[in-house]
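Please read it beside the model.

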Amino acid sequence: MRGLKGKTVLITGAAGGIGQALTVRFAEEGCRLGLIDMNAHALEAAAQRARGAGATATTYAIDITDYDAVKSAVDAFAGEAGRIDVLVNNAGYDKFTLFLDTKPDFWEKVIDINLKGAIHLHHAVLPHMVKAKSGKVVNVASDAGRVGSSGESVYSACKAGLVALTKTLAREMARADIKLNAVAPGPTDTALFHGFIGEGEAGQKVHAALEKAIPLRRIAKPEDIVGAIVFLASEDADYITGQVFSVSGGLTMAG
Ligand SMILES: NC(=O)c1ccc[n+]([C@@H]2O[C@H](COP(=O)([O-])OP(=O)(O)OC[C@H]3O[C@@H](n4cnc5c(N)ncnc54)[C@H](O)[C@@H]3O)[C@@H](O)[C@H]2O)c1
């Protein structure tokens with residue numbers, strides 16, 4: 001990918017399934033990494049993998065729902081790395097529950113992580129990019145936010161909100177030459193996905209049904225998702241902003 005070598009990249013949810021694949025890929029592209037996750041142990045393991053692939057990686061074991069912690073981590077990374085070229089908002093959370101069985105404390109948790117957490121990151125990182133008059137933000141949304149998904153009502157609302165935030169900030173930030181885009185994964189083989197489909201026979205049934213519904217006939221691996229994100233972070237995407245790319249094996253198609 002063009003123009004990624006030497007870039008400074010901040011990734012949230014770096015210890016998770018898609019986050020770890022992203023971390024390794026950006027390391028292989030020659031980037032300097034800042035890695036955020038609330039799971040300190042898994043985050044350190046992800047950083048070790050990135051270092052093994054030749055990258056310098058700094059970890060920030062914080063909860064992105066805490067604005068002050070986000071601001072401190074972002075300012076520390078900008079100070080240490082000199083600038084922030086790319087932000088990937090990838091941290092997320094969901095649990096399969098039909099809407100009428102959900103309660104306000106669950107809605108708050110889902111909104112805090114998936115929507116407010118991403119808002120915190122934008123608010124903390126964009127001033128650094130505005131000062132540099134350049135930057136790329138890639139938000140990991142979900143096809144659930146585009147087409148809906150039973151059992152994921154509030155999560156879907158958050159992801160749709162993240163898409164709207166991406167488009168609005170893409171307009172506001174264009175004058176500073178900052179590009180914002182969203183990638184919407186379909187079902188991807190990670191802890192979040194397994195939590196969603198459930199364990200045992202019931203989980204296997206959902207898995208099989210999804211595979212049947214996906215034109216490419218398989219659930220994505222985390223590595224299937226990272227290419228679109230890395231592309232949108234690269235100079236190859238310098239004229240792309242405010243767009244949403246589905247990476248779903250064709251499960252949803254929109255043009
Ligand atoms: N797996 C899928 O099927 C799928 C589909 C569509 C979209 N997505 C999105 O992809 C992204 C990555 O998900 P994944 O599948 O790799 O899930 P995952 O559960 O493997 O990883 C999510 C990571 O986010 C971290 N995280 C959660 N809450 C946090 C918080 N408050 N502060 C800091 N870190 C926090 C977790 O510790 C975890 O490491 C998410 O935004 C998710 O919504 C996933």
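**Pockets and a helix pair**

1. The lining of the second largest pocket divides into 2 nonpolar, 2 polar and 7 charged residues (Ala, Val, Leu, Ile, Met, Phe, Trp, Tyr, Cys and Pro count as nonpolar, Asp, Glu, Lys and Arg as charged, and the others, Gly among them, as polar). Among its lining residues are Lys7, Asp85, Lys136, Asp177, Lys179, Glu235 and Asp238. The volume of this pocket is about 150 Å³.

2. The model is predicted: local features need pLDDT of at least 70, side-chain atom pairs count only at pLDDT 80 or more, and totals for chains, interfaces and linings use all residues. Residues are numbered from 1 along each chain as its sequence is written, and side-chain values use heavy atoms, without hydrogens and water.

3. The largest pocket has a volume of about 970 Å³. Of the 47 residues lining this pocket, Gly92, Tyr93, Tyr155, Thr190 and Leu192 are the closest to its centre. A pocket is an open set of points on a 1 Å grid over the protein atoms alone, where a 1.4 Å probe fits, with protein on both sides within 12 Å along at least five of seven lines; lining residues have an atom within 4 Å of a point. A volume is the space filled by probe spheres set on the points, which are joined across faces, edges and corners.

4. Helix H7 (191–197) gives the largest share of that lining, 5 residues. Helices are DSSP runs (H or I, at least four residues), numbered from the N terminus. By class, the lining of the largest pocket has 23 nonpolar, 17 polar and 7 charged residues.

Notes: Helix = DSSP H or I, 4+ residues; strand = E, 2+ residues; numbered from the N terminus.
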